[in-house]
Amino acid sequence: MKVCCMTFINTRNYGTCLQAYALQTAAEGLGHSYRIIRYQSEVDRRWSSLFLRPVGMPLKTYLFRLLPSFPVRLYRTAKFAGFTRKHLRFTASCKTLDDLRALDAQADAFLCGSDVIWRNDMTGYDPAFYLCFTEKRRIAYAPSLGKSAQSERDGDMVRRWVPPF
């Protein structure tokens, strides 16, 4: 079966990177053709920035913290990029829902997970992480909302997009 997976990819987080690799390895071990969707939403691009400044942090404090850690950030980014290029297999780059809909012809099923991909405040309430762009078979593999208390808006997203699974 041809499977495309929606997960976080533009991050320098060991757990995120290793879960993507482990899921790919498991799916391929079961005989599936597997590709990770290279989705780059606006929020994802912000989170992956080397220069991400926490909301509310004064510029002076941010620069004081950034400058000493910048060489480490560059090194870490290069290491993650090298691992990603060597070990992970991706679809073509997708930036819009229309780009994601074009993947329908390449897959028999779509999988989302794992990690906190349904934590709406991290994804900017982007329905793409709920696989809203396809009517094909949808598989949820350990997606998480990432927090115990949910807002009404979070509940609306779940009620709208989870039933097709």
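## Close-up views of a predicted model

View 1. Ser114 sits in strand E4, where strands (E, at least two residues) and helices (H or I, at least four) are DSSP runs numbered from the N terminus. The bond joining Gly113 to Ser114 is a cis peptide, with omega about -20 degrees. Please keep in mind that this is a predicted model: local features need pLDDT of at least 70, side-chain atom pairs count only at pLDDT 80 or more, and totals for chains, interfaces and linings use all residues. Residues are numbered from 1 along each chain as its sequence is written, and side-chain values use heavy atoms, with hydrogens and water left out.

**View 2. Helix H1 and its buried face.** The 16 residues of H1 reach 22 Å from first C-alpha to last, close to the 22 Å expected at 1.5 Å a residue; the expected span is 1.5 Å times one less than the number of residues. Thr16, Cys17, Gln19, Ala20, Leu23, Gln24 and Ala27 of H1 are buried (under 20% relative accessible area, with exposed over 50% and partly exposed in between; 1.4 Å probe, protein chains only). Seen down the axis of H1, these buried residues fall within an arc of 165 degrees, so they line one face of the helix; the arc is that of the directions from the helix axis to the C-beta atoms. Tyr14 and Gly29, on the other side of H1, are exposed. The buried residues of H1 pack against strands E1 (2-6), E2 (33-39), E4 (109-115) and E5 (137-143), and against H3, contact meaning heavy atoms within 4.5 Å.

**View 3. The second largest pocket.** This pocket holds about 240 Å³ of space. Its lining has 16 residues, and Ile9, Asn10, Thr11, Phe80 and Thr84 are the closest to its centre. A pocket here is an open set of points on a 1 Å grid over the protein atoms alone, where a 1.4 Å probe fits, with protein on both sides within 12 Å along at least five of seven lines; lining residues have an atom within 4 Å of a point. Grid points are joined across faces, edges and corners, and the volume is the space filled by probe spheres set on them. Helices H1 (14-29) and H3 (59-87) each supply at least two lining residues, and H3 gives the most, with 4.

**View 4. Two positive phi angles.** Leu131, in the loop between helix H5 (120-123) and E5, has a positive phi of about 60 degrees although it is not a glycine. Leu131 is buried, at 0% relative accessible area. Ala142, in strand E5, also is not a glycine and has a positive phi of about 50 degrees. Ala142 is partly exposed, at 48%.
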